Amino acid sequence: MTKYIFITGGVVSGLGKGIAAASLGLILESRGYKVINQKFDPYLNIDPGTMNPYQHGEVFVTDDGAETDLDLGHYERFTDATLSQSSNTTAGRVYLSVLNKEREGGFHGGTVQVIPNITEEILRRMLLSTEETGADIIITEIGGTVGDIESLPFMEAIRQMKYKVGEENCCYIHLTLVPYMKKSHELKTKPTQHSVKELQELGIKPDVIMLRTEHAIDPNTRERLAAFCNVEPSCVIQNLNARSIYEVPLQLEEEGMGGAVCKVLGLKTIPSQLDDWKKMVTRFNNPKHKVKIALVGKYVELHDAYLSVVESLVHGGIHNEAEVEIDWVKSEDLTDEATCAARLSAADGIIVPGGFGDRGIEGMICAARFARTKKIPYFGICLGMQILVIEYARNVLGLAGANSTEIEKNTPHPVIDLMGDQNGKILGGTLRLGKFECAVSGGTLTEKAYGAKTIWERHRHRYEFNNKYRDDLAKAGLVIAGVNPERDLVEICEVPEHPWMLGVQFHPEFKSRPNKAGPLFREFIRASVEQSER
């Protein structure tokens with residue numbers, strides 16, 4: 001029988017339920033169980049695809065083209081699972097499904113209500129991953145905080161789950177904050193007690209209490225919380241601040257998290273096998289080099305907007321035994337060569353990640369030109385590849401005013417443009433989403449990185465390299481290093497006679513792992529290390 005774990009949050013938001021869920025997934029997976037993580041968000045958007053990055057952070061994309069919450073990136077990076085459309089559900093998607101069914105007569109004229117109709121749809125979706133994957137354990141993170149009005153249908157659904165699958169097959173974990181009062185040097189447990197009480201009033205008795213804290217929980221505090229929250233002391237798990245997110249699974253396992261959950265679910269207490277993860281953390285904590293990477297972007301004020309990119313840079317650093325320092329550069333601040341020189345001269349590498357809209361584009365083009373002319377390693381992802389092409393068209397091929405039609409509709413040289421079959425579709429319907437094939441050209445930086453002639457990577461973009469300019473750009477020296485064979489779309493461009501300058505239309509950050517860095521991030525950091533030591 002599949003086992004189900006539900007992780008809820010209390011007291012405040014932003015405690016790191018996603019990292020906790022991902023860490024637990026790794027701990028259980030290391031014991032030999034097949035684990036799948038999923039997240040249920042209470043907001044009414046259908047998915048994060050059209051949400052402002054400043055509000056929601058990055059959009060993580062799965063192989064099958066789902067635009068999902070950024071926590072799914074943590075799940076995949078920690079457990080190396082391949083998640084799907086069913087791995088992230090929002091209240092908006094649930095309500096839309098129920099209302100569409102009602103319009104089609106699916107309820108035979110009956111009254112549609114939150115209970116049972118909405119909760120039954122939530123339960124159906126929670127069980128979907130079991131049917132699709134055959135997992136031993138499904139870990140479900142419930143977004144938001146206990147007490148939020150919009151979360152109530154989800155709380156009711158997970159309450160009902162134990163009656164559907166059996167109480168012995170459900171484990172409820174509640175993550176709360178234990179604040180530290182500096183004046184009195186005390187850890188305060190009352191917020192956790194109130195949060196657990198509120199959860200119990202909804203009919204959910206937590207089996208494990210996880211405590212986010214800056215200071216270690218002493219035995220007396222642990223005993224007191226166990227008594228008030230009606231759990232075993234061994235099921236009160238502290239989740240201390242860690243030096244990096246990759247240390248969290250090791251800390252939780254040391255605290256007995258895996259054993260506590262296995263006991264609740266009646267699973268064999270198989271010893272965990274985290275040796276490879278420990279080696280990776282040791283490598284991360286003991287770098288031999290240091291590189292400074294300038295991340296030139298549109299949303300740098302909110303670092304979560306580039307979460308997977310930053311983590312992938314760290315992965316590249318782990319592989320190359322290098323500490324990666326990110327210099328967050330707002331592209332709008334790069335107005336000319338002088339400002340570029342002032343902000344980018346200290347960089348060992350420059351990365352321009354994805355984005356939408358015209359704000360800050362000229363600054364990115366300026367950064368690409370600086371990287372090309374000063375021979376600094378450059379990595380362009382999605383929009384960053386398009387920036388590379390625009391800069392090359394303007395300043396090498398000599399096409400004055402070359403641009404993307406996303407930025408300038410009437411540009412005289414639309415080197416980046418919509419394809420014919422994309423016109424007329426609604427926003428969100430024109431994106432190329434999910435995993436696509438790319439044929440890699442021989443003798444390129446890309447082939448050297450991947451060691452393969454065919455690769456599959458995930459996409460999330462609307463505008464494409466305009467093939468009308470392909471021959472002219474190639475004659476001017478631009479290397480077309482990868483093409484989607486199905487539609488003959490350019491996927492990878494490289495600049496010759498440069499230490500390392502490359503742009504990709506896809507998003508390689510979505511498949512990078514801490515103990516197996518994405519090939520292009522691995523090689524970009526390697527080139528940046530060499531740059532730093534010149």
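This is a predicted model: local features need pLDDT of at least 70, side-chain atom pairs count only at pLDDT 80 or more; totals for chains, interfaces and linings use all residues.
Another helix, H3 (residues 71-79), lies across strand E2 (35-41), E5 and strand E6 (137-142). Relative to E2, the direction of H3 is turned by about 170°.

The strands named here belong to an open sheet of seven, arranged in the order E5-E2-E6-E1-E7-E10-E11 with parallel pairing. Strands of a sheet pair through backbone hydrogen bonds, in either a parallel or an antiparallel arrangement.

Ser86 is located in the loop between H3 and E5. Its relative accessibility is 7%, and Ser86 therefore counts as buried, the cut-off being under 20%. Apart from residues up to four places away in sequence, Ser86 touches Gln38, Leu128, Ser129 and Glu132.

Helix H4 (residues 91-103) contains 13 residues. From its first C-alpha to its last, H4 reaches 18 Å, close to the 18 Å expected at 1.5 Å a residue. Ala91, Gly92, Arg93, Val94 and Val98 of H4 are buried. The cover over the buried residues of H4 includes E2, E5, helix H5 (114-133) and helix H6 (152-165). Just after H4, Gly105 adopts a positive phi of about 85°.

## The largest pocket

The largest pocket has a volume of about 1100 Å³ and is lined by 45 residues. Of these, Gly16, Leu70, Asp71, His74 and Asp304 lie nearest the centre of the pocket. The elements contributing two or more residues to the lining are helix H1 (17-29), E2, helix H2 (53-56), H3, E11 and helix H12 (307-319). H12 provides the largest share, with four residues.

Strand E14 (residues 349-352) is covered on both faces. Gly349 and Ile351 are buried on one side, and Ile350 and Val352 are buried on the other. In a regular strand, side chains alternate between the two faces of the sheet.

E14 pairs with strand E12 (residues 289-297) in the parallel sense over three bridges, and Ala294 stands opposite Ile350 of E14. E14 also pairs with strand E15 (residues 378-381), again in the parallel sense over three bridges. In that pairing, Ile351 stands opposite Phe379 of E15.

## Helix H15 and Leu383

Helix H15 (residues 383-395) has 13 residues, which should span 18 Å at 1.5 Å a residue; its end C-alpha atoms are 18 Å apart, in agreement with that value. H15 is mostly covered, as eleven of its 13 residues are buried. The buried residues are Leu383, Gly384, Met385, Gln386, Ile387, Leu388, Val389, Ile390, Glu391, Tyr392 and Ala393. In an α-helix there are 3.6 residues a turn, so residues three or four places apart point the same way.

Leu383 is part of H15 and counts as buried because its relative accessibility is 4%. Leaving aside neighbours within four places in sequence, Leu383 is in contact with Lys298, Pro353, Gly354, Gly355, Ile361 and Met364. Between Leu383 and His215 there are 168 residues of sequence separation and a C-alpha to C-alpha distance of 43 Å.

## Enclosed space

Two cavities of 30 Å³ or more are found in a search of the whole structure. The largest cavity has a volume of about 70 Å³. Its lining consists of Gly355, Phe356, Cys382, Leu383, Gln386, Glu406, His461, Arg462 and Tyr463. Two of these residues, Leu383 and Gln386, are among the buried residues of H15, and Gly355 is one of the contacts of Leu383.

Terms used. Residues are numbered from 1 along each chain as its sequence is written. Side-chain values use heavy atoms; hydrogens and water are left out. The expected span of a helix is 1.5 Å times one less than its number of residues. Buried means under 20% relative accessible area, exposed over 50%, partly exposed in between (1.4 Å probe, protein chains only). Two strands pair if DSSP finds at least two bridges between them. Contact means heavy atoms within 4.5 Å. Axes are lines fitted to C-alpha atoms, for helices over the stretch in contact, and angles run from 0 to 180 degrees between N-to-C directions. On a 1 Å grid over the protein atoms alone, a cavity is a set of points where a 1.4 Å probe fits but cannot get out, and a pocket is an open set with protein on both sides within 12 Å along at least five of seven lines; lining residues have an atom within 4 Å of a point. Grid points are joined across faces, edges and corners, and a volume is the space filled by probe spheres set on the points.
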